[in-house]
Amino acid sequence: YFLKKGYKNVKLIYNSFDENFFDFSEEEINLFKKRYGFDERPIIYIGNCLKAKGVVESCEALKNLNVNLVTSGEKTVNIPAKNLDLEYKDYLKLLQASTIVVTMSKFKEGWCTTAHEAMLCKTPVIGSGKGGMQELLEGAKQIVCQDFGDLRNKVQYLLKNQ
């Protein structure tokens, strides 16, 4: 496209994700769930356990749903969700094992790597759409949720319609 437009200094930069990292067998996912004590309820991953990532409000919005709420990384806020500090490969297994990934950042994300990784794992995403995340979510036909008050309904919709 750019060469046809007459630009001379055009470089192809490949996606920074190796797609082979995002393909786990059903057996691998079941072993992951067993190792971390997940029951049969859906797993809802609500992001890194940071206040700025919206996990406090997400947890409040989703409380009392019959699901496993999960965060990852260093636990910096105390919320009633399972927190896992994982190596990258297990983190990707968590994203694939999740029924839904929620990325309700309260700040303008440059892109939202978590949402991108979840989609590579073929897991649906609901996100705030702040910053560049909006382009990512809309381009991939995921759900943008700009208000924590709407989050529960959007999660319940996906749980019923998957």
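**Helix and strand burial**

Tutor: Helix 4 (residues 113–120) is mostly covered, with six of its eight residues buried. Buried means under 20% relative accessible area, exposed over 50%, and partly exposed in between (1.4 Å probe, protein chains only). Helices (H or I, at least four residues) and strands (E, at least two) are DSSP runs, numbered from the N terminus. This is a predicted model: local features need pLDDT of at least 70, side-chain atom pairs count only at pLDDT 80 or more, and totals for chains, interfaces and linings use all residues. Residues are numbered from 1 along each chain as its sequence is written, and side-chain values use heavy atoms, with hydrogens and water left out.

Student: Which residues of helix 4 are buried, and what covers them?

Tutor: The buried ones are Thr114, Ala115, His116, Glu117, Ala118 and Met119. Their cover includes strand 1 (43–48), helix 3 (88–97), strand 4 (100–103), strand 5 (125–127) and helix 5 (133–139).

Student: How should I read the faces of strand 2?

Tutor: In a regular strand the side chains alternate between the two faces of the sheet. In strand 2 (residues 68–72), five of five residues are buried: Asn68, Val70 and Ser72 on one side, Leu69 and Thr71 on the other.

Student: Which strands pair with strand 2?

Tutor: Two strands pair if DSSP finds at least two bridges between them. Strand 1 runs parallel to strand 2, joined by four bridges, and Asn48 has Ser72 as its bridge partner. Three bridges link strand 2 and strand 3 (residues 82–84), also in the parallel sense, where Ser72 stands opposite Leu84.

Key: Contact = heavy atoms within 4.5 Å.
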